[in-house]
Each structure stands twice: as C-alpha cells, then as structure tokens.
Amino acid sequence: MDLAYIPSPSSGVIDLGPIPLRGYAFCIIIGVFVAVWYGGRRWVARGGQVGTVADIAVWAVPFGLVGGRLYHVITDYQLYFGEGEDWVDAFKIWQGGLGIWGAIALGALGAWIGCRRRGIPMPAYADALAPGIALAQAIGRWGNWFNQELFGKATDLPWALKIDADTDTGTVAGTYHPTFLYESLWCVGVALLVIWADRRFTLGHGRAFALYVAAYTVGRFWIEYLRVDDAHEVLGLRLNNWTSIVVFLAAVAYMVLSARHSPGREAVVEPAAVGDGGGDASDGEPASAKAAPAGSSPVTTVKEPRGARATPTDEDGATGGAGDATPSKKG
C-alpha cells in the first residue's frame with residue numbers, strides 16, 4: 001500500500017463550454033510567455049530595445065514548434081506510420097510529443113531570420129533568451145503530467161507518480177518515477193546556473209546559451225535512464241542519450257573556442273538602439289547639434305545631470321553588474 005504519491009489528473013482536458021482547454025497546450029503557452037518576458041528584460045538591460053525579443057519570437061516560436069514536432073515524429077515514426085496507426089495523428093500536437101532538440105534547432109533558424117531582419121547579432125539574442133528557455137522547459141514539462149506520459153520506472157518512493165492503466169499503450173496502473181518533475185526541477189536549476197554565471201563571468205557571444213545547452217544535456221542524460229517509454233536504442237543507449245552526448249560536446253567546444261576568438265561581451269547588442277534618447281530619429285542628429293542661429297558660434301554645451309552618472313544595469317535588472325557596457329549615443 002502506497003502511503004504517499006503524486007496524483008495524476010484524471011483528464012488532460014478541461015471543457016470551457018464548447019472550448020476545450022488542454023493542459024499540455026496551456027503549459028507550452030505559459031512557458032513561451034515566460035521565456036519572451038524574461039528574455040525581453042535581459043535584452044533591454046543589455047542595451048536593446050523594448051519589444052525586440054517579442055518581435056523575433058514571432059519567427060522563433062513557430063519554427064520551434066514545427067521543429068519539435070518533426071523531431072518527435074521522425075524519431076518515433078512507428079507511432080504514426082506503423083501497422084494499424086493513423087498518420088493523421090502526427091499533426092495532433094496537443095496530444096503531446098515535442099522533441100526539445102528539434103525545437104531548439106529549428107527555433108534557432110527562425111530566430112536567425114528575425115535577427116537578420118533587425119540587424120542584431122544572433123549570439124547576443126541567444127544569450128538573453130537562455131535562462132528563459134530553461135524556465136519555459138520547466139513549465140512545459142508539466143504538460144506530460146496532464147497527459148500521464150513519459151514517466152520513469154516503477155517505484156514506491158513518497159514522491160512517486162500515480163499512473164492509471166491504459167490498454168492502448170499497455171501501461172499497468174501503479175506508481176512510477178515522476179521524470180517530468182525531475183526534468184522540470186533540473187531546468188530551473190539550469191536557469192539559475194546561467195543567471196549566476198552570466199553575472200559572475202560576464203558571458204557574451206553566445207556562451208551563456210552554450211552553458212544552458214551543456215547543463216541541460218547533463219540532466220537529460222541521467223533522466224533518460226529512468227524513462228520506460230519506447231525509444232530507439234544504439235549500442236545499448238537510448239537515442240536521446242547519444243544526442244545529449246553529442247550536443248554536450250558541441251556546446252563545450254563552442255564555449256572554449258568562442259572565449260578564445262571573442263573574449264568579453266558585446267558592447268552594443270542592437271545598433272538601432274544607439275541613437276535613442278535625445279536624437280532625431282529621422283536623420284540621426286542629436287538635438288544638441290542642431291545648427292546655431294546665423295552670426296552665433298556653433299558651440300555645443302553638454303550638461304551632466306546633477307549627481308553621479310547613471311549606474312548601468314545587468315541582464316536581470318540589478319544595478320552595478322560587473323562588466324556591463326552602456327552603449328554610446330551617437331547623432
């Protein structure tokens with residue numbers, strides 16, 4: 001008899017009249033909102049413009065959703081194209097099934113398109129988004145709880161997850177490792193690690209994002225060992241274990257090579273934001289440099305506000321962050 005366990009929802013759908021509210025989709029939406037909101041704060045703190053992160057997310061999010069679904073369908077094709085399966089189910093994303101590897105890869109392509117259109121460096125944008133993406137993953141994993149999916153091996157631990165019997169998948173009712181919870185907590189830890197390291201070491205040129213990737217793959221590797229859902233194996237390891245190893249090595253290599261080639265942090269992350277604050281947006285000429293009346297000397301007086309200069313902020317809104325750079329104003 002289990003004295004303690006985590007209950008699972010009896011249904012992953014709440015009907016609001018004629019509109020079904022699906023827990024899985026709700027978690028994804030909330031996660032995206034948190035990533036864009038927090039990423040926007042970090043971007044503005046580094047000298048970017050308000051709204052830039054959201055504008056680029058219009059490209060990144062749809063690409064990411066498509067990429068995540070494609071990775072899942074391709075790596076678990078037997079669930080949709082096997083004997084007796086309906087291939088139409090491959091489009092039913094609300095039933096679960098998003099591969100983070102595909103979501104990040106194709107989402108990065110969408111972000112690159114958005115960054116190119118705005119003329120801003122993609123690595124700087126990725127650094128601003130890194131901890132927010134980890135938090136989005138932490139929230140999104142609760143969608144698996146609503147769907148009673150991707151749990152681990154059977155266990156009688158006090159925090160075990162109670163799963164109902166499912167004749168379609170052959171699941172036996174019982175208590176299992178809540179791998180969704182393990183990964184959710186791990187992602188919160190990854191977000192905190194990136195935030196701390198970014199403040200402590202003034203990460204730039206994509207290294208904060210690379211740290212997020214490397215740290216996430218470490219957790220994903222051991223969590224995969226606990227999962228009991230069907231998965232392709234190569235040399236005794238689940239496919240996602242191999243993917244974690246390859247991605248981890250690539251992320252670490254990028255951090256090392258990037259630190260050698262481009263040390264420090266970008267001084268300006270959004271060139272369009274340099275002329276803000278007192279300049280004429282039409283021609284880029286600051287108000288103080290306008291032509292003087294005829295017969296007078298074209299003298300420009302620069303007055304500094306009473307007191308000390310404004311203290312720059314770090315990526316998370318805290319003042320006095322080490323290594324922060326305030327973009328210069330130009331006409």
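User: How many cavities of 30 Å³ or more does the structure hold?

Analyst: Start with the general idea. Rolling a probe the size of a water molecule over the atoms shows where empty space is left. In this predicted model, the structure holds 2 cavities of 30 Å³ or more. The second largest cavity contains about 30 Å³ of space.

User: Which residues line the second largest cavity?

Analyst: Its lining consists of Arg-141, Asn-144, Leu-150, Thr-179, Phe-180, Glu-183, Ile-223 and Arg-227. Helix H7, residues 179-201, gives the largest share of that lining, with 3 residues.

User: Leu-150 is in that lining. What is its phi?

Analyst: First the rule. Most residues other than glycine have a negative phi, and most peptide bonds are trans. Leu-150 has a positive phi of about 55 degrees, though it is not a glycine. Look for Leu-150 in the loop between helix H6 (142-147) and strand E3 (161-163). Leu-150 is partly exposed, at 24% relative accessible area.

User: And where is His-205 placed?

Analyst: His-205 sits in the loop between H7 and helix H8 (207-226). His-205 is not a glycine, yet its phi is positive, about 55 degrees. With a relative accessibility of 22%, His-205 counts as partly exposed.

User: Next, charged pairs. How many salt bridges does the structure hold?

Analyst: The general idea is simple. Side chains of opposite charge can pair when their charged atoms come close. This structure holds 10 salt bridges. One of them joins Asp-198 to Arg-42, with the closest N and O atoms 2.7 Å apart. Asp-198 lies in helix H7 and Arg-42 in helix H1 (residues 23-45), so the pair ties together parts that are 156 residues apart in sequence.

User: Are Asp-198 and Arg-42 buried or exposed?

Analyst: Both Asp-198 and Arg-42 are buried.

User: Which residues form salt bridges with Glu-224?

Analyst: Arg-227 pairs with Glu-224, the closest N and O atoms being 3.3 Å apart. Arg-227 is buried, with a relative accessible area of 9%. Glu-224 is buried too, with a relative accessible area of 1%. Arg-238 meets Glu-224 in a salt bridge at 2.6 Å, N to O. Arg-238 lies in strand E6 (residues 237-238) and Glu-224 in helix H8, so this pair ties together parts that are 14 residues apart in sequence. Arg-238 is buried, as is Glu-224.

User: Which residues do salt bridges with shared partners join into one network?

Analyst: Arg-141, Glu-183, Arg-220, Glu-224, Arg-227 and Arg-238 are joined into one network. Tie this back to the second largest cavity: its lining includes Arg-141, Glu-183 and Arg-227.

User: Now the surface. Which residues form a nonpolar patch?

Analyst: The patch is made of Tyr-77, Phe-81, Trp-87, Val-88 and Phe-91. Together they have about 590 Å² of accessible area. Phe-81 belongs to helix H3, residues 78-81.

User: How many helices and strands does the protein have?

Analyst: The protein has 9 helices and 6 strands. Buried residues make up 39% of its 331 residues. Among contacts between residues at least 6 apart in sequence, 72% join residues at least 24 apart.

Methods: Residues numbered from 1 in each chain as written. Predicted model: local features only at pLDDT ≥ 70, side-chain atom pairs only at ≥ 80, totals over all residues. Heavy atoms only, no water. Helix = DSSP H or I, 4+ residues; strand = E, 2+ residues; numbered from the N terminus. Buried < 20%, exposed > 50% of the residue type's maximum accessible area, 1.4 Å probe, protein only. Contact = heavy atoms within 4.5 Å. Patch = residues over 30% accessible without salt bridge, like charges linked within 9 Å, V, L, I, M, F, W, Y side chains within 5 Å. Areas by Shrake-Rupley, 256 points an atom, 1.4 Å probe, with all protein chains shown as cover. Salt bridge = Lys/Arg side-chain N within 4 Å of Asp/Glu carboxyl O. 1 Å grid on protein atoms, 1.4 Å probe; cavity = no way out; pocket = protein on both sides within 12 Å on 5 of 7 lines; lining within 4 Å. Points joined across faces, edges and corners; volume = space filled by probe spheres on them.
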